[in-house]
Amino acid sequence: MLQEESDLSLIIAQIVQKLKGSNLYSQLERQAWASLQRPEIKLESLKEDIKEFFKISGWEKKLQNAVYSELSVFPLPSHPAAPPEHLKEPLVYMRKAQGSWEKRILKSLNSMCTELSIPLARKRPVGEQKELLNKWNEMGTDEPDLSLFRPVYAPKDFLEVLINLRNPNYENGDSLSFRTHLGLIQVPLKVKDIPELKECFVELGLNIGQLGIDDSTQVPPELFENEHVRIGQKVLAQQDSAAAQQYIRQGSPTALRAELWALILNISSQPEDVLYYEQLKTNVIQHDLLVDSLIYKDVKLTASNDDYYFVFEDYLYQVLLCFSRDTSVLSHFAFNSASPPKSYIRGKLGLEEYAVFYPPNGVIPFHGFSMYVAPLCFLYHEPSKLYQIFREMYVRFFFRLHSISSHPSGIVSLCLLFETLLQTYLPQLFYHLREIGAQPLRISFKWMVRAFSGYLATDQLLLLWDRILGYNSLEILAVLAAAVFAFRAVNLMEVTSLAAAEAVLADLSTLKVMPLLQIFLFATVT
Amino acid sequence: MSRVLVPCHVKGTVALQVGDVWTSQGRPGVLVIDVTFPCVTPFEGITFKNYYTALLGRLRQENSHTPAKWVTCLWDYCLMPDPHSEEGAQEYVSLFKQQILCDMARISELHLILQQPSPLWLSFTVEELQIYQQGPKSPSMIFPKWLSHPVPCEQPALLHEGLPDPSRVSSEVQQMWALTEMIRASHTSARIGHFDVDGCYDLNLLSYT
C-alpha cells in the first residue's frame, strides 16, 4: 500500500540521517576506501564487491546492529502534520500534567538554592580542581555536610501526582459507577491482559527452558544449561544484536551477561568513547553543580546503605557526576514527555544566546536515582564502559519510569497494568486490601519506579533486567509486582492495615523472580 | 505529487438521534460534520487530528453531475482500536484517495460521519480538518546531484527484479526525496558538545517558561 511504502521510505531516510552523523559512518567510509586496494575488488562490479567485502569482514553486521539499535530506541516517524510535542506525548492532558509536575520540581530546586544560598553552578577554583582530581577514585571517602540538602522529590510524591491525573474528556463522576477505576490510577490507558501477555512473553512459557529456573542445582545441566551457554557463545561470536536480544529472553549466563548486554545496547568501547568520558570527567572537575550535592546525598542515603551495593559507592559518583554533564542525553527528550529545565547565564536573563540547560543533561535526579546504576557495577568495572551502558539503559528504559506519558512502558501504564492484573486475577485480595485502606499500588509503586533495584537479590534482579532488554519493554515489572502479591496472597488476606501489608511485603530478597513470573502468567487458574 | 490545500467551509458537528425527544442523560454516539466546497474539486486526501472518535463512518460525497447524488466513500474506518481506552484517541490521521472506495474526481460536498460507541467520553470530534487536491505535477526545485548520479554504497535497494513502472518509481523517489528534505530541515544530528557559553556556566535560578 502506498501509505506503508512511504512510511518505510521515511523511516529509512530518518535512520540514514541519524547514522550519517555517527562514528560508524566515517569508519565505513574509511573501510570502503581502504578496500579498494584489495585484489578482489574490481572496478566493473565495484558496488557488489565492496558490499561483499563488508559482509565478510563483519562491517555489515555492525551496520545492521546500528540500524537495529535505532529502530529499537527511536519511535516511528510521526504524521507530518503532528507537531514535535506530539512525538513526546500524544495526549494533551498528559503533556500538561508533566509540565506542571516539572514546574513543581523547578520551584523546589530554586527554593533550595535561595534558602541555602548555594549557586546552581559555579566554576571550581584551581586548588579545588586539583584536589578533586586526586580524589577522583575515592570520592566516597569525602564526607561533605549534606544535612541541609534534601532530595528534590521521592517516588511517593510522584505517585500522588499520578493518582490525581485526570482526562478532562473522561466521565469522572463523583459517584461510583462502572466507569470508576477501583485502583488509584484513573486514566483509561490500554493495557494488556494475561492472554495478551502470554502471547507477548511466549519465551517464558512452561515448556521453554529458562535461566533462573532450569539452571538450579537440582536440574542436571545437560538438560538445558549447557546448550544454552553454547548458543550464547555462538551469538556473541556472530556479534548480532537482534539475535542476542532474542537469546536473552531465556536469561543470560552470568559469564556472558556483560558482553551480551553491550551487544544488545550496541555499545562497543571505541577510543573515542573513552575520550568522551574523560572529557565529561574534566567538566566535572571544572564546574561544581548543585545537582552534584543531590547525587552525593542520594548515594549516601540509598546505595551506601545497601548490603550489596555499598562497595560500588565510588563508581556511582564517577558515573552519575559525569552523567549530569553529558549533553548527548538531551537528544532523548525528543521522545520523552519531559523537557530539560532551562536557565540563563547570570545577568543575562531572557537573552536566548545565554540560555542553557540545567543540569547539562536535563535530568534532575530524585531519591533513589543512583539505584539505576548500582546493579550495573556488578557487570562492568571499567568506568567509561559502565558509563556508556548506564546512559544507554537510561535513554532506552529508565526515563519512562519517572515521567508522565501514555507509552505502554511508561510508569502510568505500568501502574494501571499492575492494578488491572491484580483486580482481574486476585479480586478477593484486591478487595480486601482496598477495604483496609492498603491500596496495592501504594506498596508496589516504589518497586516499579526503581525497576526492583535494591529490593531483589542481585542475581535475581539481573535475570529480570535480562528480560527487560530481551523484550525491549518494562511491562514485565508490572507483571512481577502482581506475581509477588499473588505469591504472598495468603498472608496478605490476614492483615488489617496498610502498615501490616507493607511489613508482609517489606523483604523481597528471598524471592526467585522467574518461577513467580512463570506461575503467574502460565500456571494460574483463571 | 505536491498537495494543495483546498479551501472549504466546515460546519459544526450535528448529533444524530432517533426521534424528536432529546434526553439529557444520553449522549449521542454519532455526529455528522458537513464540509462544503465553494467549487467542484478533485479530491486527493484528507488530514485531521482525532479527538476521541472511534470510527469514521462514511465520508459521503455529492457529485456535481446532474442529478447530484450521495455516494459512500468510506465504511467504518477505525481510528481507535479499543473505543474505551486512549489508544489512538488524539492521533493525526491522513486518508488518501487510494483508500477511498469510489471515484473522487468531482465533489462539491462531504459528510463525515463520526461514531463513538463508548459512553466513557464526554465529547468527541475531529479537529484541524484539511482537504487536499493534487498540486502541479513537476516540482519547481532541482534534484540534488546524488539522486540523479547515485554513489555506489549510498543507493538504497528499493527496486525489485524486473522492470518496475518508471512513472511510479519516479513518483516514489520524488516523495522520498521530499521527505528527506523535510527531515533534514527539521533537525540536526550534530552532537551538542559544550554546555557552557564561552566557558561560563554561572547560573542564577531555573527558568519557569
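Modeller: A salt bridge here is a side-chain nitrogen of Lys or Arg within 4 Å of a carboxyl oxygen of Asp or Glu. Please keep in mind throughout that this is a predicted model.

Colleague: How many salt bridges does the rule find across the interface of chain B and chain A, and which side chains meet there?

Modeller: Across the interface of chain B and chain A, the rule finds 1 salt bridge.

Colleague: Which element of chain B gives the largest share of the side that touches chain A?

Modeller: The elements that give two or more residues to that side of chain B are strand 5 (45–51), strand 10 (92–96), helix 2 (166–186) and strand 13 (203–207). The largest share comes to 9 residues, and its source is helix 2 of chain B.

Colleague: How do the residues on that side of chain B divide into nonpolar, polar and charged?

Modeller: In the contact between the chains, 56 residues of chain B meet 71 residues of chain A, and 11 residue pairs across the interface are in polar contact. The residues on the side of chain B that touches chain A divide into 25 nonpolar, 18 polar and 13 charged.

Colleague: What part of the area buried between the chains do carbon and sulfur atoms give?

Modeller: The area buried between chain B and chain A is about 5700 Å². Of this area, carbon and sulfur atoms give 61%.

Colleague: Turning to chain B by itself, what percentage of its residues is buried?

Modeller: Chain B contains 2 helices and 13 strands. Among its contacts between residues at least 6 apart in sequence, 78% join residues at least 24 apart. Of the 209 residues in chain B, the buried ones make up 36%.

Colleague: In chain A, are A:Asp466 and A:Arg257 buried or exposed?

Modeller: A:Asp466 forms a salt bridge with A:Arg257, in which the closest N and O atoms are 2.8 Å apart. Because A:Asp466 lies in helix 20 of chain A and A:Arg257 in helix 12, the pair ties together parts that are 209 residues apart in sequence. As for accessibility, A:Asp466 and A:Arg257 are both buried.

Colleague: Which residues are joined into one network by salt bridges that share partners?

Modeller: The side chains of A:Arg325 and A:Asp292 meet in a salt bridge at 2.7 Å, N to O. This pair links distant parts of the chain, 33 residues apart, with A:Arg325 in the loop between helix 15 and strand 3 and A:Asp292 in helix 14 of chain A. A:Arg325 counts as buried because its relative accessibility is 1%, and A:Asp292 counts as buried because its value is 3%. The residues joined into one network are A:Arg122, A:Arg124, A:Glu128, A:Asp288, A:Asp292 and A:Arg325.

Colleague: Why does A:Arg230 count as partly exposed?

Modeller: A:Arg230 and A:Glu227 meet through their side chains in a salt bridge of 2.9 Å, N to O. Both lie in helix 10 (residues 225–238) of chain A, 3 residues apart, which is about one turn of the helix. Partly exposed lies between the limits of under 20% for buried and over 50% for exposed, so A:Arg230 counts as partly exposed because its relative accessibility is 45%.

Colleague: Where in chain A is the proline of the cis peptide bond, A:Pro359, found?

Modeller: The peptide bond from A:Tyr358 to A:Pro359 is cis, with omega near -10 degrees. A:Pro359 is found in the loop between strand 4 (355–357) and helix 16 (383–396) of chain A.

Note on methods: Residues are numbered from 1 along each chain as its sequence is written. Chains are lettered from A and ligands numbered from 1 in the order in which they are written. This is a predicted model: local features need pLDDT of at least 70, side-chain atom pairs count only at pLDDT 80 or more; totals for chains, interfaces and linings use all residues. Side-chain values use heavy atoms; hydrogens and water are left out. Contact means heavy atoms within 4.5 Å. Buried area is the accessible area (1.4 Å probe) that two parts lose on being put together, summed over both. A polar contact is a pair of N or O atoms within 3.5 Å; within protein, one must be able to donate a hydrogen and the other to accept it, and residues adjacent in sequence count only if both atoms are side-chain atoms. Helices (H or I, at least four residues) and strands (E, at least two) are DSSP runs, numbered from the N terminus. Ala, Val, Leu, Ile, Met, Phe, Trp, Tyr, Cys and Pro count as nonpolar, Asp, Glu, Lys and Arg as charged, and the others, Gly among them, as polar. Buried means under 20% relative accessible area, exposed over 50%, partly exposed in between (1.4 Å probe, protein chains only).
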